[in-house]
Amino acid sequence: MQNFFCDTLDYYCLSENISKSFRYIVRMKDEVDGTLLRQALEITMTRYPYLKKRIIADERGYSLTDNDLSLVVKESDQPMTLCGQESNYHLFALTYYGKNIFFNNVHAIFDGRGRGPVLHTLMYYYCGMRYKKEVKMPGVLLAGTPIDPAEYFDPFTVPLPGTDDLLPVPEIPTKALRLEEQGLVTRTRQHQHFIRVKEKDLMSVCRSSDGTPNTILSLLMSRAVDKLHPEAGEPIISQVYCDYRSVVGAEQSHHNMVTTLPLVYERSMRNMPLEMQNTILRGDILYLSDSSVLLHTVAGIKSACEAVNGLPTLEDKLNAVGQGMAAFFNQTTFAISYTGKKSFGNCDEHIEALFPAGEPTGIGILMEVTAADGWFYIVFMQDWREDVYFNAFLKEIVSLGLDFDLLYSSEAKAPSFSLE
């Protein structure tokens with residue numbers, strides 16, 4: 001059996017009430033060949049044997065054990081159930097339908113950056129077989145190459161870098177404006193919208209107004225919420241996801257290593273020009289992501305993981321993490337995850353779009369953002385069907401002179417979780 005440390009909170013989010021899961025969509029320009037995709041995954045997993053795991057549960061908690069069963073490749077556009085029979089008890093699996101390849105995983109095994117090496121290896125072999133041509137993909141990890149222990153290093157198994165005399169973490173309001181409490185929406189099955197904006201146009205706005213994709217999107221949503229609820233007393237807080245691998249010396253590790261940077265939109269910012277609003281939020285991001293501040297944040301996460309691991313029963317652990325997540329939700333109006341620009345070498349010519357799609361359960365609104373092939377792709381996920389906040393967000397996009405394409409809308413199809 002194998003215990004986990006930096007992933008502790010994410011594993012104990014796997015419960016009936018909270019299931020942190022993810023579905024990354026690679027939309028190809030041609031129909032997906034399921035036979036070749038299966039062959040590509042089989043070759044890929046010879047390079048990543050340390051990812052073939054199964055969760056074992058008993059009255060004391062969860063643990064991991066090796067899983068020699070094959071990874072699943074299944075033709076379907078429906079949500080996948082992970083960790084149980086449908087996925088051969090693995091924590092991730094592939095589905096495909098039409099032109100789409102769906103990479104389904106529980107967040108505990110890896111975040112977006114952690115998934116990257118596996119996905120690149122998979123696309124290398126799939127595109128090579130599918131299009132019968134040499135694939136050029138800098139940095140890809142191929143079958144037969146040595147496995148570096150840094151790929152599965154857990155930074156919480158060793159002391160963190162020193163955190164003495166570091167910059168303090170600023171105090172964040174304990175209560176944010178919660179959208180489901182404002183009377184305009186009702187919690188139901190999660191719904192999602194897929195839109196895209198030209199990369200050059202959005203980056204032009206960023207350059208002209210001292211912004212970044214994170215600050216621009218945070219401001220657009222904050223301004224939309226502020227206009228809908230101008231008299232609300234609580235602050236609008238966007239939680240922007242941040243990778244902390246660099247500050248703990250775990251650059252190559254697959255483990256989930258993200259935290260959030262809380263950006264507070266004060267009502268005093270309401271009448272400021274966009275450039276000044278961007279400057280304020282950029283300053284907040286620079287401070288909160290400074291290695292000194294980030295190490296304090298990570299030290300707090302490590303302490304929480306150790307506390308949860310020290311609880312005597314599975315029920316205690318699930319309850320503790322559930323309470324912690326509820327406190328986080330209470331400090332969140334919406335969240336943004338921007339994974340940056342993605343490239344798969346010359347496989348890019350066969351890829352039409354990339355859509356990272358998670359499960360916003362409890363957050364309210366989650367925007368997953370990536371950039372590829374000259375576009376920003378934004379998956380706008382919400383815990384309700386009413387589009388009042390989505391439509392207000394689109395109005396703010398248009399107010400900056402930006403055009404957008406609404407590609408499609410659907411119920412959320414992130415994978416679920418089941419222990420059998």
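User: Which cysteine holds the sulfur closest to that of C13?
Analyst: This is a predicted model, where local features need pLDDT of at least 70, side-chain atom pairs count only at pLDDT 80 or more, and totals for chains, interfaces and linings use all residues. Residues are numbered from 1 along each chain as its sequence is written, and side-chain values use heavy atoms, without hydrogens or water. A disulfide needs two cysteine sulfur atoms within 2.5 Å. The C13 sulfur is 10 Å from its closest partner, too far for a bond, and that partner is in C305.

User: Is C13 buried or exposed?
Analyst: Buried means under 20% relative accessible area, exposed over 50%, and partly exposed in between (1.4 Å probe, protein chains only). C13 has 1% relative accessibility, so it counts as buried.

User: How far is the sulfur of C242 from the closest cysteine sulfur?
Analyst: C242 counts as buried too, at 12% relative accessibility. Its closest cysteine sulfur is in C6. That is too far for a bond, because the distance is 15 Å.

User: How many disulfides does a search of the whole structure find?
Analyst: C13 and its closest cysteine are too far apart for a bond. C242 and its closest cysteine are also too far apart. Across the whole structure, the number of disulfides is zero.

User: How many aromatic pairs does the structure hold?
Analyst: Rings of Phe, Tyr and Trp (its six-membered ring) pair if their centres lie within 6.5 Å. Ring pairs link F4, Y11, Y12 and Y62 into a cluster. The total of aromatic pairs is 18.

User: Is the pair of W384 and Y389 stacked, edge-to-face or tilted?
Analyst: Planes under 30 degrees apart count as stacked, over 60 as edge-to-face, and the rest as tilted. Both W384 and Y389 are buried. Their centres lie 6.1 Å apart and their planes meet at 55°, so the pair is tilted.

User: Which ring has the charged end of R23 over it?
Analyst: A charge sits over a ring if NZ of Lys or CZ of Arg is within 6 Å of the ring centre and within 35 degrees of the ring normal. R54 does this over the face of Y89, at 4.0 Å from the ring centre. For R23 the distance is 3.9 Å, and the ring belongs to F102.
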